[in-house]
Amino acid sequence: MRIANVAGRAVIVLDHGFIDVHESSKGRFPSQAAPLLARLAELHDWLERDQPATTSSLGPHDVAQLTQLGPVVDAPSQVFAVGLNYRTHAAEMGLTPPGQPMIFTKFASSLAGARATFALPSAHVDWEAELVVVIGRGGRDIAPTEALDAVAGYCVGQDLSDRDLQMAGSPPQFSLGKSHRNFAPVGPWITTVDEVGDPQDLRIQCTVNGTMFQDSSTQDMVFSVREIIAYLSRVCELRPGDLIFTGTPHGVGQGLHPPAFLHSGDEVVTTIGGLGTLRNRAE
Ligand code: ZN
């Protein structure tokens, strides 16, 4: 199942059109994604059994182009992010991979849809393609072997980063420099776990103005999705709709020789195999 946010309403995207979940279910299901994600099995049964009619004829290709496409979850209770979680990225930043997951947040007000534009608050704004985990059932003290049962699905994320603000202090603090308006595009929709297969075997790519800068696999993560969920849930209760940015592979602008950053008008295209594409332009 693919669940998108079109103009603030949760929709199921089918090949031949989409279904407004709240409207088509006559109010049985909520219009917001977060509470819906705790009831995925029920939603799936309803879809199979009732075969609700589509409320729009727009299929996946058209939905992905919609400027009204919002972040996959409008107001998650928590947004986690993992720093330096690919060995090759840690190396390009001149750092050794951390011994435990390095956690920061992208504040929820930075979330944006798959076609959002973003302003450049400094001359050193960088790109980071990331696999984003969307929590379903959630919980506390989740064992690695059961971690994927807590997950609703996955989407593509872009962890835009203002390196000036990120590195301004000593020690550096990551969260604010990664939380400017629209610095956290997520989408184009949630693909539910049953349709994704192994989250540690997904191709992840980022181009800027058509030039490929990042092209890796989630196989290279230092801490797997299962390990990250187990680690976080030992401290924080994971709740339906929470998001986890799982880190970026090598090929960010900061790691180039010489470093390169985004300019006004640049288009950042972020793709994960099977999950879709984000297209975000710098204003
Ligand atoms: Zn990142």
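Is Leu-84 buried or exposed? Select Leu-84 and check: Leu-84 is buried, because its relative accessible area is 13% (buried means under 20%, exposed over 50%, partly exposed in between, with a 1.4 Å probe and protein chains only).

Before we move on, two notes on the model. It is predicted, so local features need pLDDT of at least 70 and side-chain atom pairs count only at pLDDT 80 or more, while totals for chains, interfaces and linings use all residues. Residues are numbered from 1 along each chain as its sequence is written, and side-chain values use heavy atoms, with hydrogens and water left out.

**Stop 1**

Helices (H or I, at least four residues) and strands (E, at least two) are DSSP runs, numbered from the N terminus. Phi of Leu-84 is positive, near 50 degrees, though this residue is not a glycine. Now jump to Ala-7, also not a glycine, with a positive phi of about 50 degrees. You'll find Ala-7 in the loop between strand 1 (2-6) and strand 2 (9-14), and Ala-7 is exposed, with a relative accessible area of 57%.

Next, pick Gly-187 and Pro-188: a cis peptide bond joins them, with omega about -10 degrees. Pro-188 belongs to strand 12 (residues 184-192). Another cis bond runs from His-257 to Pro-258, where omega is near -5 degrees. Pro-258 is in the loop between strand 15 (243-245) and strand 16 (267-272).

**Stop 2**

Switch to cartoon view and look for an open sheet of five strands, in the order 7-17-16-13-14 with mixed pairing. Strands pair if DSSP finds at least two bridges between them. Strand 7 (117-118) and strand 14 (211-217) each have a single partner strand, so one side of each has no neighbour in the sheet. Strand 7 runs parallel to its partner, strand 17 (residues 276-282), over two bridges. Select Phe-118 and you'll see Ala-282 of strand 17 opposite.

**Stop 3: rings**

Show the side chains. How many aromatic pairs are there? The count is four (rings of Phe, Tyr and Trp, using its six-membered ring, pair if their centres lie within 6.5 Å; planes under 30 degrees apart are stacked, over 60 edge-to-face and the rest tilted). One of them is Phe-29 with Trp-46, a tilted pair at 5.5 Å centre to centre and 55 degrees between the planes. Phe-29 is in the loop between helix 1 (21-24) and helix 2 (33-37) and Trp-46 in helix 3 (residues 40-50), so the pair ties together parts 17 residues apart in sequence. Both Phe-29 and Trp-46 are buried.

Now try Arg-2: its charged end sits over the ring of Trp-189, 5.8 Å from the centre (NZ of Lys or CZ of Arg must be within 6 Å of the ring centre and within 35 degrees of the ring normal). Lys-106 lies over the face of Phe-245, 5.6 Å from the ring centre.

**Stop 4: two domains**

Finally, colour domain 1 (2-64) and domain 2 (79-282); these bounds come from an automatic or database domain assignment. Their centres, taken over C-alpha atoms, are 26 Å apart. Between them, domain 1 and domain 2 bury about 1,000 Å², 72% of it on carbon and sulfur atoms (buried area is the accessible area, 1.4 Å probe, that two parts lose on being put together, summed over both). Select Arg-2 again, with Leu-37 and Ala-64: these supply 50% of the area domain 1 buries against domain 2, more than any other three residues.
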